[in-house]
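Colleague: Before I use this model, I would like to go through the labels attached to it. Please set each value against its definition.

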Amino acid sequence: MKTAWTRRDFVRIGAGALAAGAAAKTTILNPSMLAAQAPAASGRKIRFVSIGTGIRGCDLLRSARAVPTGECVGTADLYTMHQKAGQEAYGADVPTTRDYRSLLDRKDVDAVIVAVADFQHRRVVLDCLDAGKDVYCEKPMSHNVHDGLAMVEAVGKGKRIFQAGSQRVSNIAYRKAAEIYKSGRLGEVTYIEAHTDRNSPSGAWVYPVASDASPETIDWKTWIRDAPDRPFDAERFFRWRCFADYGEGLAGDLFVHLISGIQCITGINAAPNRAYSSGSLTHFKDGRDYPDLIATLYDYPGATVHIHCNQNNTNEESTIFYGHEATLTVIGSTITVDPQDTSPQPEGYSLNGWTAEAKKKYFDEWRAAHPEKPANLGEVETFAAPHHYDDTADHLATFFRAVETREHVTEDEVFGNNAAIACHMANHSYFHHNVATWDAAAQNIKGA
Ligand SMILES: NC(=O)c1ccc[n+]([C@@H]2O[C@H](COP(=O)([O-])OP(=O)(O)OC[C@H]3O[C@@H](n4cnc5c(N)ncnc54)[C@H](O)[C@@H]3O)[C@@H](O)[C@H]2O)c1
């Protein structure tokens, strides 16, 4: 993986450099755009600990190896194998413990990466903030509206740096898309559509239960303490996303990335006004609480947003911004701007019932009123991150830099909370069979 980038913002290359390259003009984005990976002026590395070294915690530690501005100095997990996996992922025998509080007591620790299950975010984040640490908390920021509001309040009170963990917000392609959106090049955008689909048991979180999972290797009592008590259940430990006591189903797992991307590009940083969801549980009837298809229509200030996630069909993830002047499509770390033809055109279809004489008169008058040739349609433009680009590394770098400089991060607690609220509204509407409305005054969802 490339660890250092040159200072040039963009390298323009010829069409066809990308495999997909149907576009007339293709630009490979240079990650130095963020400048986040540059060492802090002091040259100091941010010393961080990781709480939760399961699937995501290990991914974060792997990405952190490529970020020279941070150094992992400890990890915590409740499961023995995940503790070892965390050390393997970081490639160093950093001290590891089951009790994260002992890490928070350390004065040499600046910041904490929190990658525990969603229902555990609130307690762990509040403990980190209480200990005076800056926090990178995985997405979705909250398990419910109340958790999110408590976290926003605590970050504000402690004046800490907080970054939610939807890494696409630091993705150079999303940053470029935000620049294009802000420039007005798309014209007015009134409709945005996004989806992430999967068609496999793994895509529906039917994760394997490790053969060594037992009450001896997993501290179940601590794991379950913020949810209704129940005897040790390894399936719930590994497949917590399926259950409402611990996760938020497709909305919390996948909508949140799409919504964070939309917030990043449009600059909308608000909960939606309304949400209406439809969906079903058709294929994965394994005792889970959540549907395997959910489609939600949101009313955001200024735009209608349609999001769906389907666990019964694979279709490439995309987010599409339909503007009056151009359509912007984001697929992975590639964006395409496709201009709309809005030049004046003479009527065609609607004249089918006109006589030849009336038509001739119409066309003569139209040509006289439009003597100039319409301007050429702008070319389709594609911008892409380089192969092997890792936006998690950039998101970590953004966080470490903010810890050092105390500068604002885009995906702060308010941004993260707004994205999470949209997810909670999608589920609220699905389960209540009704429109969910965000009551800004009461800071709660209405619509029983
Ligand atoms: N940004 C992304 O792309 C992305 C991808 C996957 C998951 N996530 C998020 O990351 C978080 C973790 O998901 P996961 O798939 O890694 O789950 P996981 O179950 O694989 O790992 C979570 C780990 O947290 C540990 N844990 C829980 N409570 C703890 C405590 N009190 N002290 C120490 N360790 C504790 C568990 O033992 C477990 O090993 C979730 O919020 C999830 O939504 C984000």
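Colleague: Is the crossing of α1 and α2 left-handed or right-handed?

Modeller: The crossing of α1 and α2 is right-handed. That term applies if the near helix is turned clockwise from the far one by less than a right angle, and left-handed if anticlockwise. The model is predicted: local features need pLDDT of at least 70, side-chain atom pairs count only at pLDDT 80 or more, and totals for chains, interfaces and linings use all residues. Residues are numbered from 1 along each chain as its sequence is written, and side-chain values use heavy atoms, with hydrogens and water left out.

Colleague: What makes α1 roughly parallel to α2?

Modeller: The axes of α1 (residues 55-64) and α2 (residues 80-90) cross at roughly 20° and come within 7 Å. α1 is therefore roughly parallel to α2, a term for angles under 35 degrees.

Colleague: And why is α9 called oblique to α12?

Modeller: Helix α9 (residues 249-266) packs against helix α12 (residues 413-432) at about 130°, the axes being 9 Å apart. So α9 is oblique to α12; that word covers what is left once angles under 35, over 145 and from 65 to 115 degrees are set aside. The crossing of α9 and α12 is right-handed.

Colleague: Which residues come nearest to the ligand?

Modeller: R56, D77, H82, D118 and R241 come nearest, out of 26 residues around the ligand. A residue counts as near if one of its heavy atoms lies within 4 Å. By class, the shell has 11 nonpolar, eight polar and seven charged residues.

Colleague: Which peptide bond is cis?

Modeller: The one from K139 to P140, with omega near -20°. P140 sits in the loop between β7 (134-138) and α5 (145-158).

How values were computed: Ala, Val, Leu, Ile, Met, Phe, Trp, Tyr, Cys and Pro count as nonpolar, Asp, Glu, Lys and Arg as charged, and the others, Gly among them, as polar. Axes are lines fitted to C-alpha atoms, for helices over the stretch in contact, and angles run from 0 to 180 degrees between N-to-C directions. Helices (H or I, at least four residues) and strands (E, at least two) are DSSP runs, numbered from the N terminus.
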